[in-house]
Amino acid sequence: MSVKKTILVDGQWNLKRNFFKRKDLVGANHKLCGGTYGFLDSTKSVINRIMPDRVIVAWDGFHAGKLRYNIYKPYKANRKKDWDNETRIIATEGIGNHDDAQEFQLLSQKIEIQSYLEELFVRQVEEDYIEADDIIAYYILNNKNPNEHIYIYSRDRDFFQLVSEKVSLINPDSFEIITVNNFKEKFGYIVENALLFKCFEGDDSDDIKGINGINTNTLIKYFPDIANEKYTYKRLVEECYEKQKKKKLKTYEKIIQAEQDLYRNAKLMDLKRPFVNQSTIDSVEAVREQPLDSDRSIETAMEMFARDGFNRFVGDSNLGYFFGPFYNLKSKEKEFEKNLI
């Protein structure tokens, strides 16, 4: 039986990546469109490279991250000090200050992208309070298809934890595929220790503090076996005590004293234990098992493309090339639907 290929796209990351990369791009009526057009362009490119059987975009839902915030109050403090921000920004259409206007643009372009994807045979999942990372993790951890290989399209290093024989990462810049076989060569340690390294590193983008002075290079320097063997924090502490008998170093003491911070970080960042609720589980299983609506139309998406002034970014003669990967995706989805009958 041939291997089925699925691409899981971290939607919020891909939106923001393109939004800020093409922040001055304007379409019809001088409307900002960098996030919308860039998302479609990057999605088209990754489909063209991988030729998947399906593509699923996971989005951060309304109040995404609130479940982690309830555990750790600094979580995403720099980004969402006010958890009712989205409601207020939508109501005022971003009028107020630069940050509100930018957030309104992100929300508006997200809605536009979702409308496009509905016509382009791309599956989507979004649930209130749930982050895209957790949706992707749940999909992978509960995948029962031995013939499905999953590709994660994101730059988020949290996804290192999920790399396996059946899961790879796509480098968004070079389209290089990161696998369980080349992971150590690229990052200096085996994938089984990805969460442990991440807990020491922390996550500045989510305001999760790491352990000051203890980074990947420090751990490999003082504990060289950690590059090749599965480690737990308990094993690390035991080795610290043993090494201290020969030579006392601040590094060993920092690791020993970091227990509470590391366990907190593990609880927040362990994607093997995703933060999901029953509604999310139902949505993911539906997007995994059910056929797509039959009234989707790539031609409708092409009309939207022209309406929004995106044709000039591509050129009318290249429209077939731009939308070609989505027609291939359509044929795969139709084949899936046919096999269900």
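Colleague: At what angle do the axes of helix H10 and helix H11 cross?

Modeller: This is a predicted model, in which local features need pLDDT of at least 70 and side-chain atom pairs count only at pLDDT 80 or more, while totals for chains, interfaces and linings use all residues. Residues are numbered from 1 along each chain as its sequence is written, and side-chain values use heavy atoms, with hydrogens and water left out. Helices (H or I, at least four residues) and strands (E, at least two) are DSSP runs numbered from the N terminus, and axes are lines fitted to C-alpha atoms, for helices over the stretch in contact, with angles from 0 to 180 degrees between N-to-C directions. For H10 (residues 233–244) and H11 (residues 250–257), the axes come within 9 Å and the crossing angle is roughly 145 degrees.

Colleague: Is the crossing of H10 and H11 left-handed or right-handed?

Modeller: A crossing is left-handed if the near helix is turned anticlockwise from the far one by less than a right angle, and right-handed if clockwise. By this rule, the way in which H10 passes H11 is left-handed.

Colleague: How many residues of the contact of H10 with H11 are nonpolar?

Modeller: Contact means heavy atoms within 4.5 Å. Tyr233, Leu236, Val237, Cys240, Tyr241, Lys243 and Gln244 of H10 meet Tyr252, Glu253, Ile255 and Ile256 of H11. Ala, Val, Leu, Ile, Met, Phe, Trp, Tyr, Cys and Pro count as nonpolar, Asp, Glu, Lys and Arg as charged, and the others, Gly among them, as polar. In this contact one residue is polar, two are charged, and the number of nonpolar residues is eight.

Colleague: How are H6 and H13 oriented to each other?

Modeller: The axes of H6 (residues 132–141) and H13 (residues 278–289) come within 10 Å and cross at roughly 60 degrees, in a right-handed manner. Angles under 35 degrees count as roughly parallel, over 145 as roughly antiparallel, 65 to 115 as roughly perpendicular and the rest as oblique. The orientation of H6 and H13 is therefore oblique.

Colleague: How many charged residues belong to the contact of H6 with H13?

Modeller: H6 contributes Ile135, Tyr138 and Tyr139, which meet Thr280, Ile281, Val284, Glu285 and Arg288 of H13. Five residues of this contact are nonpolar and one is polar, and the number of charged residues is two.

Colleague: How many of the 10 residues of H6 are buried?

Modeller: Buried means under 20% relative accessible area, exposed over 50%, and partly exposed in between (1.4 Å probe, protein chains only). The buried residues in H6 are Ala132, Asp133, Asp134, Ile135, Ile136, Ala137, Tyr138, Tyr139 and Ile140. H6 is thus mostly covered, and of its 10 residues the number buried is nine.

Colleague: How many nonpolar residues belong to the contact of H14 with H16?

Modeller: H14 (residues 298–307) and H16 (residues 319–340) pack at an angle of about 150 degrees, with axes 11 Å apart, and are therefore roughly antiparallel. Ile298, Glu299, Ala301, Met302 and Phe305 of H14 make the contact with Leu319, Phe322, Phe323, Phe326, Tyr327 and Lys330 of H16. Two of the contact residues are charged, none is polar, and the number of nonpolar residues is nine.

Colleague: Which residue just after H2 takes a positive phi?

Modeller: H2 (residues 34–50) has 17 residues and reaches 24 Å from its first C-alpha to its last, close to the 24 Å expected at 1.5 Å a residue; the expected span is 1.5 Å times one less than the number of residues. H2 is mostly covered, with 14 of its 17 residues buried. The residue just after H2 that has a positive phi, about 55 degrees, is Met51.

Colleague: Is Thr6 buried or exposed?

Modeller: Thr6 is placed in strand E1 (residues 4–10). Not counting residues up to four places away in sequence, Thr6 touches Arg54, Ile56, Tyr139, Glu148, His149, Ile150 and Tyr151. Because its relative accessibility is 2%, Thr6 counts as buried.

Colleague: How far apart in space are Ile113 and Leu40, C-alpha to C-alpha?

Modeller: Ile113 is found in helix H5 (residues 98–119) and counts as buried at 0% relative accessibility. Leaving aside neighbours within four places in sequence, Ile113 contacts Leu15, Gly35, Thr36, Phe39 and Trp59. Ile113 and Leu40 are 73 residues apart in sequence, and their C-alpha separation in space is 7.5 Å.

Colleague: What is the relative accessible area of His63?

Modeller: His63 lies in the loop between strand E2 (54–60) and helix H3 (66–69). Although not a glycine, His63 has a positive phi of about 60 degrees. His63 is buried, and its relative accessible area is 9%.
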